Amino acid sequence: MTQKPSNASAGAGIAAGVALGAVAVGAAAIFVGSQCLQLVRTKSGMARVKKVRDEAGNQVRVLQQGGVYQSATYLDERRFEPVFAYYRAFDRMFDAEASKRAATGGGIDRVLVMGGGGYAYPKHALTAHPALDMDVVEIDPSITRLARRWFFLDELERIAADRLRLITADARTFISQALAEGTRYDAVVNDCFAGCEPVRALATVEALCQVKVCLNPGGLYLANVVSSAGGENIDFLRDAVATAAAVFSHVHVVPCEDVAFGAEDNYLLIATDGAYSFHGELPLDEALCGEVMRDV
């Protein structure tokens, strides 16, 4: 399924790439059958671990919460490979590595991921980049326990050892603490959702100002942003672009297309003070910018 947002003309060429995301899938995903493996009450309501098959017959284990799929993993030798396109899109940070190293002397060496879920991106990034260090903040310990049991987090912990640090905390609180302690990252990834809703407290101008201070020179902020109304509404993306532009010198938007899955459209927002370009990024103009989000 491919849809275009109704306000695509204001988006300077934004096309509705269909992708699974932390909030993008739900019942519309093209999965064949399902088997519930575990049901757990979490801070955001009931979470279900299910085993399903995709169109090609591959077994996929998914984490469902708030009526949507939050994460997924293959069960075979590809278990460290991303199932969803937006996970792969986070690798755009490495598009900037050579330029960042040339300009600042440091590459993409330490990353913060806000939102653990099934730990799909940490699995991929830490196994694909053996020198990478990563901190992952997940607010709900029950989700981390599910990830260890069903999503190969336990195996990742053995492989990555001290390159992976798991933190049970509210992400905004952790950012404030990191800022106070002088902790710095080369990239900060925001994949936090409460069910099907983005965590607005992490998207405000005040929050992004804190993130910016926690970044090393030339560092990058990356956020998974999902449409609503079946791809027709990109208001949160427009507001996120405006907010990021109020804090960072450069804002980029990359559609995360995945023709195999989807009920909503995923976009990768990248904000940085570094002068980088990213494969597949869309041209932006002022018409795309919505309202700057602020702490209430």
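The model is predicted, so local features need pLDDT of at least 70 and side-chain atom pairs count only at pLDDT 80 or more, while totals for chains, interfaces and linings use all residues. Residues are numbered from 1 along each chain as its sequence is written, and side-chain values use heavy atoms, with hydrogens and water left out. Helices (H or I, at least four residues) and strands (E, at least two) are DSSP runs, numbered from the N terminus.

**H6 and H7**

- The axes of H6 (residues 171-181) and H7 (residues 205-213) come within 9 Å and cross at roughly 40 degrees; axes are lines fitted to C-alpha atoms, for helices over the stretch in contact, with angles from 0 to 180 degrees between N-to-C directions.
- The crossing of H6 and H7 is left-handed, meaning that the near helix is turned anticlockwise from the far one by less than a right angle.
- In the contact (heavy atoms within 4.5 Å), H6 contributes Arg 172, Ile 175, Ser 176 and Leu 179, and H7 contributes Glu 206, Ala 207, Gln 210, Val 211 and Val 213.
- Five of these residues are nonpolar, two are polar and two are charged; Ala, Val, Leu, Ile, Met, Phe, Trp, Tyr, Cys and Pro count as nonpolar, Asp, Glu, Lys and Arg as charged, and the others, Gly among them, as polar.

**H4 and H5**

- The axes of H4 (residues 141-150) and H5 (residues 153-160) come within 5 Å and cross at roughly 85 degrees, which makes H4 roughly perpendicular to H5.
- Thr 144, Ala 147 and Arg 148 of H4 meet Leu 153, Asp 154 and Glu 157 of H5.
- The contact of H4 with H5 comprises two nonpolar, one polar and three charged residues.

**The largest cavity**

- The whole structure has one cavity of 30 Å³ or more; on a 1 Å grid over the protein atoms alone, a cavity is a set of points where a 1.4 Å probe fits but cannot get out, and lining residues have an atom within 4 Å of a point.
- The largest cavity holds about 150 Å³ of space, a volume being the space filled by probe spheres set on the points, which are joined across faces, edges and corners.
- Its lining has 18 residues, with Asn 190, Ala 203, Tyr 221, Ala 223 and Phe 236 nearest the centre.
- Strand S11 (215-226) supplies the largest share of this lining, five residues.
- The lining of the largest cavity has 15 nonpolar, three polar and no charged residues.

**The largest pocket**

- The largest pocket holds about 520 Å³; a pocket is an open set with protein on both sides within 12 Å along at least five of seven lines.
- Of its 38 lining residues, Gly 115, Glu 138, Ile 139, Cys 192 and Phe 193 lie nearest the centre.
- Helix H3 gives the most to the lining of the largest pocket, three residues.

Notes: Angles under 35 degrees count as roughly parallel, over 145 as roughly antiparallel, 65 to 115 as roughly perpendicular and the rest as oblique.
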